[in-house]
Amino acid sequence: MVNYRKIGGHLAACGAYSIFGFNIILTKDLTNSHIFTPLSLFTLRALGAGLLFWTLSLFTKKETVDRKDFIQIFLASLLGYFGTQITFLIGINYTTPLDCSIISTLGPVFTMLVAAVVLKEPITTKKAGGVLLSLAGIILLIMSSTTAVADPTRVTTPGGIILLVLNCLCFAAYLGIFRPIIQKYSVVTFMKWIFLFSFVLAAPFSAGDLFAVDYAAVPLGCYLDLGYLVLFATFISYFLIPVGQKELRPTLVSLYSYVQPIIASALGIYLGMDRITLTKTLALIAVISGVVMVNKSPQRPPSPPRGNS
């Protein structure tokens, strides 16, 4: 029998990470304009997506959140949105689209490590070897990165790589740790509180930057990029990810991150924002090979049934 809910979960995860692939390029273009600081850009995304989720909640079934769950939702917003987005928005300034895409493939490795802690998945020799192989790929990328050139927007720095690795780690922790609370509530209810908390966290620190922007002088292209970031890369993608999480294991959801490098790298090379080199190719092969090793490792065996006492 066809499991349509499971198919919907796969489509949601694939759609979200496809959006993220385009997001790498458009965010890179927007941050290169130096019109918005990373924190002010984060605040605008949280505000725009939050308003959309709260508006959508007016037309959906009313759902009450238990008071004790607000702490978990706040922590989920701190880790799954504030942490991931700030590291991404700053790190993208110091990496090329292709390098950013290579680093994004580490998501499944980190998700498996989180699963080992949270879900008690076994740490096997193959899994450890895969992690080390992926780590070797990232080290190769760091060692080949350039820290000072005429156009810093077209190169990758070690600091940028570290920030994007932290981005992957934060999101992997979010997928693994907060899956129970995500499954407890509807997507709209959960996300409207996530973005409200995120906006409240960021607004006091970004207000000065936002008021300093001359909005009349902002080019139309920047507004279009910002519109995509708010509507697609924030509202729609963060709507789709919980849908996938409800039907799929965290590791399986994170595996769709492989869609990102395909889209971002192809688009970045086409637009002249990046180029393929032998070192980057070897780094990509090492990272993906390590991820494959990790995800082919044995999962936690099912617990034997307990007898009635």
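Predicted model: local features only at pLDDT ≥ 70, side-chain atom pairs only at ≥ 80, totals over all residues.
User: Where is the kink in H9 centred?

Analyst: On Ser 206, and the kink there is about 60°.

User: What do H1 and H3 give on the span test?

Analyst: Take H1 first. Its 29 residues should span 42 Å, and its end C-alpha atoms are 42 Å apart, so the two agree. H3 has 22 residues and reaches 30 Å from first C-alpha to last, close to the expected 32 Å.

User: Where do H1 and H3 bend?

Analyst: H1 bends by about 30° at Asn 23. H3 has a kink of about 30° centred on Phe 82. Look just after H1 as well: His 34 has a positive phi of about 60° there.

User: Now pairs of helices. How do I read the angle between H1 and H12?

Analyst: Angles under 35 degrees count as roughly parallel. H1 (residues 4-32) and H12 (residues 259-270) pack at about 30°, with axes 8 Å apart. The pair is therefore roughly parallel. The crossing of H1 past H12 is right-handed.

User: Which residues of H1 and H12 meet?

Analyst: From H1, they include Cys 14, Tyr 17, Phe 20 and Ile 24. From H12, they include Val 259, Ile 263 and Leu 267. By class, this contact has ten nonpolar, four polar and no charged residues.

User: Why do residues three or four places apart point the same way in an α-helix?

Analyst: An α-helix has 3.6 residues a turn, so residues at that spacing point the same way.

User: What is the angle between H3 and H7?

Analyst: Roughly 160°, and their axes come within 8 Å. H7 covers residues 158-177. The cut-off here is over 145 for roughly antiparallel. H3 and H7 are therefore roughly antiparallel. Their crossing is left-handed. On the H3 side, the contact includes Ala 76, Leu 79, Gly 80 and Gly 83. On the H7 side, Gly 160, Leu 163, Leu 164 and Asn 167 are among the residues. The classes are eleven nonpolar, eight polar and no charged.

User: At what angle do H2 and H3 cross?

Analyst: At roughly 135°, with their axes coming within 9 Å. H2 covers residues 38-57 and H3 covers residues 70-91. That angle makes H2 oblique to H3. H2 passes H3 in a right-handed crossing. From H2, the contact includes Pro 38, Leu 41, Phe 42 and Arg 45. From H3, it includes Tyr 81, Phe 82, Gln 85 and Leu 89. The contact has ten nonpolar, one polar and one charged residues.

User: Which residue should I find again from the bends?

Analyst: Phe 82. The kink in H3 is centred on this residue, and Phe 82 also takes part in the contact with H2.

Conventions:
Residues numbered from 1 in each chain as written. Heavy atoms only, no water. Axes fitted to C-alpha atoms, helices over the stretch in contact; angles between N-to-C directions. Helix = DSSP H or I, 4+ residues; strand = E, 2+ residues; numbered from the N terminus. Parallel < 35°, antiparallel > 145°, perpendicular 65-115°, else oblique. Left-handed = near helix turned anticlockwise from the far one by under 90°. Contact = heavy atoms within 4.5 Å. Nonpolar A, V, L, I, M, F, W, Y, C, P; charged D, E, K, R; others polar. Expected span 1.5 Å × (residues − 1). Bend = angle between axes of the 7 residues up to and from the residue.
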